[in-house]
Amino acid sequence: NSYLGFGIRNNNSTFLDDTMVLDHNGNVGIGTTDPQSKLHIEQDTNSLTKGFRIKNKVSSQSGFIWLDDDDKMRIDNASNSSRSIILNGDGTGKVGIGTNDPDTKLHVKSDNYDVATFERDSATSSSTIFINNNIGDGCAIQGTGGGGGMSLATLTSGGGFAEKMRIRPSGNVGIGTNDPDEKLEVNGNYMLKDWKVQQEPW
């Protein structure tokens, strides 16, 4: 294939290999003379500095996008390699944040208690995490807006959402009711195998 090559010479005026090429399709190659896309970068060693670097000129912080020797695509913070996002290259599509070896589709690891945060940009609307199969059956965890607490719901195919339990900010738990006035309030029939009542003090 024909291409326009850009190279450098060393102190002995010896011409080194092409550093960057531009082929007849308009593709640019860095580290390769046969670019397969508009920008094609190849690295010859397993090092984050051989990948794609983004730097903030003001803070001098840098980030890298590169492939490691296990064919995992990594997004790394240059000052702290543990701040990584990993995409497995084995076809599983597993993504790891804070871990180099994700076990599930999304695996988040932290050395602190604040592992993950889900936030909706609203002070009054509910925020919901859905866990369901490919036809919509499953469950949901919802943070209800306006200080309503947390609810657990079931999902059915066709978009059915049915709240089953509510935990209010007061700590009151309601089953069959979303506004419990007691520590445990059940609206409906229930069965106990064993139970114990103890007066104060606890």
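In this predicted model, Asp-179 and Arg-168 form a salt bridge in which the closest N and O atoms lie 4.0 Å apart. The two residues are eleven positions apart and link distant parts of the chain. Asp-179 belongs to the loop between strand S15 (173–175) and strand S16 (184–186), whereas Arg-168 belongs to the loop between strand S14 (160–167) and S15. Asp-179 is partly exposed, with a relative accessible area of 43%. Arg-168 is likewise classed as partly exposed, at 24% relative accessibility.

The count of salt bridges in the model comes to two. Glu-163 and Arg-166 supply another such pair, with an N to O distance of 3.0 Å between their side chains. In general terms, side chains of opposite charge can pair when their charged atoms come close.

The relative accessible areas of the residues discussed in this report are collected below.

| Residue | Relative accessible area | Class |
|---|---|---|
| Asp-179 | 43% | partly exposed |
| Arg-168 | 24% | partly exposed |
| Gln-142 | 14% | buried |
| Thr-144 | 13% | buried |

**The sheet**

Strands S14, S15 and S16 take part in an open sheet of six strands, ordered S11-S12-S13-S14-S15-S16, with mixed pairing. Its edges are strand S11 (127–132) and S16, each of which pairs on one side only. On average, neighbouring strands of the sheet are turned by 25° against each other, direction ignored.

S11 and S12 run antiparallel and are joined by six bridges. Within this pairing, Ile-131 has Cys-139 of S12 as its bridge partner. The two strands form a hairpin with five residues between them, and Gly-136 in the turn has a positive phi of about 100°.

S12 also runs antiparallel to strand S13 (residues 149–156), to which it is joined by seven bridges. One of the bridge pairs consists of Thr-144 and its partner Gly-149 in S13. S12 and S13 form a hairpin too, with four residues between the strands; in this hairpin Gly-146 adopts a positive phi near 70°.

Gln-142 lies in strand S12 (residues 138–144). Its relative accessible area is 14%, and the residue is therefore buried. The side chain of Gln-142 makes a polar contact of 2.9 Å with that of Thr-128. Beyond residues up to four places away in sequence, Gln-142 touches Ser-126, Ser-127, Thr-128, Gly-149, Met-150, Ser-151 and Phe-161.

Thr-144 is also located in strand S12. With a relative accessible area of 13%, Thr-144 is buried. Leaving aside neighbours within four places in sequence, the contacts of Thr-144 are Ser-126, Gly-149, Met-150, Ser-151 and Arg-166. Arg-166, which is among these contacts, is the salt-bridge partner of Glu-163 described above. Ser-126 is 18 residues away from Thr-144 in sequence, yet the two C-alpha atoms are 4.3 Å apart in space. The Thr-144 side chain also reaches the backbone oxygen of Gly-148, at 3.2 Å.

**The protein as a whole**

The protein contains zero helices and 16 strands. Of its 202 residues, 17% are buried. Among contacts between residues at least 6 apart in sequence, 4% join residues at least 24 apart.

How values were computed: Residues numbered from 1 in each chain as written. Predicted model: local features only at pLDDT ≥ 70, side-chain atom pairs only at ≥ 80, totals over all residues. Heavy atoms only, no water. Buried < 20%, exposed > 50% of the residue type's maximum accessible area, 1.4 Å probe, protein only. Contact = heavy atoms within 4.5 Å. Polar contact = N/O pair within 3.5 Å; in protein donor to acceptor, adjacent residues only side chain to side chain. Pairing = 2+ DSSP bridges. Axes fitted to C-alpha atoms, helices over the stretch in contact; angles between N-to-C directions.
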